[in-house]
Every structure is written in C-alpha cells, then in structure tokens.
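Here are some notes to read alongside the sequence and the model. Please keep both in view and find each residue as it comes up.

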Amino acid sequence: LYLCADVCVRRELVSTALGDPVQAPGAARDPNATRLNNGITGDAYGVEAWGKYGMTDWWRLNFGFSWVQRLQGLKPGRNDFSNGQALGQDPSHQVQLRSEMNPFEDWEFDAGLRVIGHVKMRNPAIGATRVVLGSYMEGDARIGWRVQDGTTLSLIGQNLFHQNHQEVNDPSAYPAHYIPRSIMLNLRQSL
C-alpha cells in the first residue's frame, strides 16, 4: 500500500502582475513607472491525496482526490477588465479511481473513473459567483493483448459515459469546445 497526502495554504495567490512588484513596507513607488496591474488578491487552501494498492499480484488500484478553495477579490480602487477570467477556472474537487488488471500472461484490462467538480467563476468587482461549467463523471477502459514480444493490440474507449462533455469554459472560443467519446483500435509495434 502506498499513500501520500499534501495539504497546502497559499497566501496572496494572484496578488501581483507585471509592473506591480511586492513593495517593502513603507517603500515609495516610482510615480513615473509604467504599470500593468491585475489588482487581484486572494488566498487558496486545499487537500490532495493519492495512493496505490495491490489487490493481488495481477490487480492494482490507483486512487486520488483533490479539493481546493480559492477566495479572491480586488484590491481597493482597482478594476478587473477580464470580469474574473484572470482568476483561473479550477474545479472544486477531483476524484479518480483506476483499476489495472493483468489476469492472464498476455492480457491487460484497465478501467478508470473520474469525477470532476463544477467550476465557478467569481466577478471580483461585484462579488457575484456563478457556475460556468457543471460537474461531470467519465470513464475510460482498455483491453490489450500482447500478440508477441513487442507487438500489442488494444481496444480503447475514452469518455464512455457521455457522447461529449465540456472540460474548459473558454469565453474566447465560439462555439464552445466539447470532448467527444472515442473508441480506438491500436496496434503497437516496438522496434
């Protein structure tokens, strides 16, 4: 059994941009300097954990979890011309489970499940928060046959639960970009 976890807290997550250096307390700013500021300040905290477990000598499970909370806003007197886009778009949580099985000498069967939390975007100028991308669950599977040393034939299915789904909310992309379900037959020859 292999387990690992990480807990982190980051202060001043996105507080500065080009031309907005962190000033020493009491230091005077150069009034003639050209500045490009994002004017955003914030904190983030979260937890991440993952692990591996060998169920048998031919079956392994991998699992992982992450959760992040970000609290961001504008510094007094600042404007955010991106309406919150500069804050990034991270899902609130992610959970992954993967099974890797080699039940017979020349056969492999892998399956994965992932749950991705919703993505919220906050407009720091007015404090309003809205969901821009809903949560989703997807699954992948692969069955592989080692035909001979160096040659593997596999059937792979990705994003099997839905015909398509959106993973990123990019307002500059019109129409929105969706990731489709895919089925592939793969022949791999190692030289």
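**Notes on the fold and selected residues**

1. Reading the chain from the N terminus on, the elements run β-β-β-β-β-β-β-β-β-β-β-β, which is to say that there are 12 strands and zero helices. Please bear in mind throughout that this is a predicted model, and that the values below are computed from it.

2. The contacts give another view of the chain.

3. Where does Asp57 lie? Asp57 is found in the loop between strand 2, which covers residues 40-56, and strand 3, which covers 59-74. Its relative accessible area is 75%, and because the cut-off for an exposed residue is over 50%, Asp57 is classed as exposed. Along the chain Asp57 and Asn102 are 45 residues apart, and their C-alpha atoms are separated by 8.8 Å.

4. Is Asp110 buried or exposed? With a relative accessibility of 12%, Asp110 counts as buried, because the cut-off for that class is under 20%. Asp110 belongs to strand 5, made up of residues 107-116. Once its neighbours within four places in sequence are left aside, the residues in contact with Asp110 are Arg98, Ser99, Glu100 and Met101, together with Asp140, Ala141 and Arg142.

5. How many aromatic pairs does the count come to? The count comes to three aromatic pairs. One of them is formed by Trp107 and Trp145, with 5.8 Å from centre to centre and 15 degrees between the planes; this pair is classed as stacked because planes under 30 degrees apart count as such. The pair links distant parts of the chain, since Trp107 is in strand 5 and Trp145 is in strand 8 (residues 136-148), 38 residues apart.

6. The accessibility of these two tryptophans deserves a separate remark. Trp107 has a relative accessibility of 37% and counts as partly exposed, and Trp145, at 35%, also counts as partly exposed. Both are placed in that class because it takes in the values between the buried cut-off, under 20%, and the exposed cut-off, over 50%.

Technical notes
Residues are numbered from 1 along each chain as its sequence is written. This is a predicted model: local features need pLDDT of at least 70, side-chain atom pairs count only at pLDDT 80 or more; totals for chains, interfaces and linings use all residues. Side-chain values use heavy atoms; hydrogens and water are left out. Helices (H or I, at least four residues) and strands (E, at least two) are DSSP runs, numbered from the N terminus. Buried means under 20% relative accessible area, exposed over 50%, partly exposed in between (1.4 Å probe, protein chains only). Contact means heavy atoms within 4.5 Å. Rings of Phe, Tyr and Trp (its six-membered ring) pair if their centres lie within 6.5 Å; planes under 30 degrees apart count as stacked, over 60 as edge-to-face and the rest as tilted.
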